[in-house]
Amino acid sequence: MAETNTPSTGEFTKKTIKGAGNLLTALIVLVVDIALGWFAYQLFRLGYIPIGICIVIIIVMISVAFLVPKAHMFKWMAVGLSAWLLFSIFPIIYTIYNAFTNYGDGHLITQTQAINQIEAQTYLPETGKAYDWIAYRSPENQYLLWLKDAEGNTSLVTPVDVEGDAEIPLVPGENGIGELDEDGAPVAIEGYTRLNRILASTDKNLTNIKFGDPEKTIQVRSPSEAAELLPLYAYDAETNTFVDQLTGRVYYDEKGTYVAKTGQRLIPGYTAIVGMDNFVQFINSPGLRGPLVTIVIWNFIFATGSLLLTFSLGLLISIIYGDPKFKGKKILRSLLLIPYTIPSLITILIWRGMFNPDLGIINRMLEAVFNISPRWFTQPWLARAALLIVNTWLGYPYWMLVTSGALQSIPGDIYEAAEIDGASGWQKFWGITLPLLLVSVGPLMISSFIFNFNNFNLIYAFINGGPPIPTATTQAGYTDIIISYVYNLAFASGRGVQYGYASAISLILFVLIAIMSLLQFRFTNMWEEVGENV
Amino acid sequence: MSKHPKSIQRSRRISLIWRWVLAVVLVTFSIFPVLWIISASINPVNDLANQKLIPDNWGFQNFQQLVTNPIFPFFTWLKNSLIVSTISTLLTLSLTTLAAFAFSRFRFKGRQGLLKAILLIQSFPNLLAIVALFTIVKQIGDVVPWLGLNTHAGLILVYSGGAMGMNIWLMKGYMDTIPRDIDESAHVDGATDWQVFWKLILPLLRPILVVISILSFIGTYGEFIIARTLLTQREMQTVMVGLQIFTAGQYTKNWGVFAAGALIAALPIMIIYLILQDQIVGGLTQGSVKG
């Protein structure tokens, strides 16, 4: 890089340093690219194509950012954007993709994996290559099997699921093997009992154990014979079908499951694209649609109610105690701020203990004073009320802080002018304070609404969506909001996980959130802020 | 307006009295759960049913339980939480500051689009994509085990990658308020972009760095659902996951121990709030919301 005809040594040194710096940068980028390239290659090899592509994009991005001078500004954000791409963008794209697949229980693996697993299923043929056998059993019910085929070759094999060599060499004196009898079978093996015909035929385990290599397994067929297991299903790659070797039944690939004409299915299936099936299933099934209607309505009530309650209480406090003449204002503010200073999960769990209908402090007090004991966790509307109470407690300090700041920024002379016109306190509040406040904290109200719209932590940790809706075919409760319902669809055990279907509902929620967010951006000057600076 | 001074004084006193009455009601509402959990933590009666606000006799048995109970490795969890939150915060901070500098100081094609995309993507809760996140981390772990499921490194990456959006905006907004004349004159003197960033801009960013690190630390410390999904081994989990799992079991029988744990787990965040209250309030009004 250094030019030979440089006018001064100072300039020369500078350029040399710069050249060396560039070289070093290129070298580091190369090393990073190679490491990421290896990573991507391994991902492709395991069949993880989408995430592999994602890594390739990252490689290109980093290389361009650091090696193309014109793209120098991307140096600053290459790493950040890579993390953003991998853990923010890609999950969303992947979720959208999942919404059109059957990803879930019974369809968790790739097609290749599923074919391998089905091909590994075996059966014990009635006829076929047979062996004479003698079994040895240890006191811990470990087994060894001695085999002799028609040509007279003998071997000693261990069960398939036992670690180590599948075959033990038949050498007397080694591995505890004793003398061999005239057939070539050990008379005794140290630590094992040689089973005679009667003992062997009464042994419950023996006929179920697979011996030998996973590739070539042998099972005891009758008291006199052992035989090699054969694959039960033969795969035909050309037609993508399986044929049952015992019955001749043909299984056809139907959206990720191999199904016979008569309706039998092979297990496992694989993850396949099923088009709009998840959405169609949702529209057609009352057990799925019904709860979701209840859940969406409650979701909006919950978010609106939470916002109104927390905002009103916060505003009330800052109006009443904002008066600078009020003594003890500072200590009061600190005490009222306490709910905000504790991680919300912890306080949610504490409230859960307090609301416990039989043991909690709230019902014990209500019982003592009013002789009532509300069933907070089993009555739908009581559970919802409890959630709103807890959320008010959690959220009002935020609005107390925000509104007290915003109130101070309303100029005092507006109030003076109103007072001259003879406005009452109430009129001043509705006519001046509230409208001006709404302008300045409006955007925060929308983000608070969105936050509560997706307030998974509260719903999940306090009551896990309960009490359950009886007509629902999946796990759904009266206090579930969309996000907790989706989470249960994906992860709640019992009915099996349904990632594909859960993703389809996530998609609906994505759209709702996008609309609300765009609304928020319109209210704030965020969009314009970008525009002006360019 | 034409009231007798004495009656004004009287009405003022009445208003003061009801203000104080209301204040007492509000404060009771606000601190009751806290008092109750403090009392439960020092109450030797472990059972939820027999808790009293003022325990009959008190002691630190519950706290001792936290140290000795093997199925409740509380201090391992606390350590995990502090490690994960600290590293995620530092990572988020460096990644967002660098990116925000480029967005604030350079003009390039796609800048607007990228900024808008970052903001829009941020508003989707990453919980919704949790199946995808789980799959990604699992697949990464199949190649590089120390970044996979059940590792703190994997969780830290997920947290840092998911926290870009709002923080870049906060940081960029703050940088935009620093006049560009400063760096232009430095450029004239031959300073490189990096020197401008490191020597001129970064020292001026202290207030916003404090705000973002506090909010980010509090956010990751309190997160439990992604942590629970990615960390399956008991000793690897964070303190929030631990407390949540604890209450999913027979929690009513172990309320005292839970209370002691909850109190200790809340302590780091409460300390941060007490010390840095004013900065946090400043950061809140700039747009971040905590429930």
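Select helix 2 of chain A and turn to the face that points away from its buried side, where the exposed residues Ile49(A) and Val60(A) sit; a residue is exposed if 12 or fewer other C-beta atoms, placed from the backbone, lie within 10 Å of its own, buried if there are 20 or more, and partly exposed in between. This is a predicted model, in which local features need pLDDT of at least 70 and side-chain atom pairs count only at pLDDT 80 or more, whereas totals for chains, interfaces and linings use all residues. Residues are numbered from 1 along each chain as its sequence is written, with chains lettered from A and ligands numbered from 1 in the order in which they are written.

Next, colour the buried residues of helix 2 of chain A, among them Ile51(A), Cys54(A), Ile58(A) and Phe66(A). Seen down the helix axis, the buried residues fall within an arc of 155° (taken from the directions from the axis to the C-beta atoms), so they line one face of the helix.

Now move to chain B, which has 13 helices and 0 strands, both being DSSP runs numbered from the N terminus (helices H or I, at least four residues; strands E, at least two). The C-alpha atoms of chain B fill a box of roughly 75 × 75 × 30 Å along the principal axes, and 41% of its 291 residues are buried.

Finally, select the contact between the chains, which takes 76 residues from chain B and 82 residues from chain A, two residues being in contact if their C-beta atoms, placed from the backbone, lie within 7 Å. On the side of chain B, helix 1 (residues 5-41) gives the most, with 12 residues.
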